[in-house]
Amino acid sequence: MIRFFVFSCWFFCFAYLYGQFPSDDTPLNEIRILASHNSYKKKPHHKVLRFLKKFQGRLGEQNNPDYIDYEHLPFSEQFNNYGIRGIELDVNYDPKGGHYKRRRVNLFLLGQRQRLKGGELKKPGFKILHISDVDFETNYLTLKSALNDLKTWSEAHSGHLPIYVNIEAKGSHPADESKSLKRLGFQTCIPFDSIAYVSLESEISSVLNPNQIYSPKHFRDTCLSLRSRINTLGWPTLKEARGKFIFVLEGSNQHVYKSFIDPLMFYYGDINDKNTAFLLRNDPVASSAEIHDLAKHFMIRTRSDSGTRESRENNYHTWESALKSHAQIISTDYYKADSRFSSYSVGFPNGLFELINP
């Protein structure tokens, strides 16, 4: 760890002296950052994985338990030690509280508790978890706890590169797909509606100050839409977004949020939508040429790996395709190698960002 710290200090001093850091007038869409995928997640308990593997044939390839066998560090370690500047949060609506207080798969596992000690899951508010009743281990039980961690880090590192926060509004869990699981007490998702999205914005604003969030209103400036801003003034510069969080929405009933007059969050949309600035293209191998072209006008989020496959195979092909594509946000589960599988890990030479000029 000491060697890593000394090297990091040396490199960042060298980069600063020789102009490798982006200047304040660098457009945001020319700064490429590394993001983590399902950034809050811990590995499922080994008893859960072993139990799920018994039913792998019935679950189907899409629900292979191997795909959820990964974990992430707390945000401060991701940011400080691995240069992560984008995260993803799976947000589950729970307006009354208690909807996700049980971990139902533990009903079938000797010695595993269905309910956590403490009352955090019983309180109203958005919960952070991947798959209800199945993949629920997390560094942050609630959205508020995750936001407080982000706020603490940001205030200790003023002037940082903007942190992109991908908010996935969850719209489905196993009980939504299976009546049998629902009868066993597995929980369905509470769908997002306009009230849910108002509550989501309120919860974010209750933790972060307005000057900590870079919103579509800031992006538009004096223009009527995000697209007109891009076409007339170009992308905002780093100076406008330093030290801020940029929230980008994906997921359940997103069309409801698109009707908001003055939204707090951007969203992943369609190229024909005048208020779309961010696009999802998760397969850089199949979409490399398209991403390369779209990156001239949009901010593109893609992935370098998924489902633990690249780590198990020590395969860098998807990562290399993501780099060639000029996507500006590359999401990974492996900024840090998982030695159980291989030495596979990804990152930029200076550990923080890469400049591109689409």
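**Pockets, cavities and helix packing in the predicted model**

Helix 2 (46-54), helix 3 (56-59), strand 2, helix 6, helix 7 and strand 8 (299-303) each contribute at least two residues to the lining of the largest pocket. Helices (H or I, at least four residues) and strands (E, at least two) are DSSP runs numbered from the N terminus. The model is predicted, and local features therefore need pLDDT of at least 70 and side-chain atom pairs count only at pLDDT 80 or more, whereas totals for chains, interfaces and linings use all residues. Residues are numbered from 1 along each chain as its sequence is written, and side-chain values use heavy atoms, with hydrogens and water left out.

The largest pocket holds about 1,500 Å³ of space. Of the 41 residues that line this pocket, Q62, N63, I68, I131 and P174 are the closest to its centre. Its lining comprises 17 nonpolar, 14 polar and ten charged residues. In this classification Ala, Val, Leu, Ile, Met, Phe, Trp, Tyr, Cys and Pro are nonpolar, Asp, Glu, Lys and Arg are charged, and the others, Gly among them, are polar. On a 1 Å grid over the protein atoms alone, a pocket is an open set of points with protein on both sides within 12 Å along at least five of seven lines, a cavity is a set where a 1.4 Å probe fits but cannot get out, and lining residues have an atom within 4 Å of a point. Grid points are joined across faces, edges and corners, and a volume is the space filled by probe spheres set on the points.

Four cavities of 30 Å³ or more were counted. The largest cavity has a volume of about 70 Å³ and is lined by Y100, R102, R103, L121, I128, L129, S132, D133, F136, T138 and L141. Six of these lining residues are nonpolar, two polar and three charged. Seven residues of the lining of the second largest cavity are nonpolar, two polar and one charged.

Two helix pairs involving helix 5 were examined. Helix 5 (residues 143-156) packs with helix 8 (residues 194-207) at an angle of about 35 degrees, the axes being 9 Å apart. Axes are lines fitted to C-alpha atoms, for helices over the stretch in contact, and angles run from 0 to 180 degrees between N-to-C directions. The crossing of helix 5 with helix 8 is right-handed, that is, the near helix is turned clockwise from the far one by less than a right angle. L143, K144, L147, N148 and K151 of helix 5 meet L200, E203, I204, S206 and V207 of helix 8, where contact means heavy atoms within 4.5 Å. Helix 4 (residues 75-82) also packs with helix 5 at about 35 degrees, with the axes 9 Å apart. This contact involves F75, S76, F79 and N80 of helix 4 and A146, D149, L150 and W153 of helix 5.
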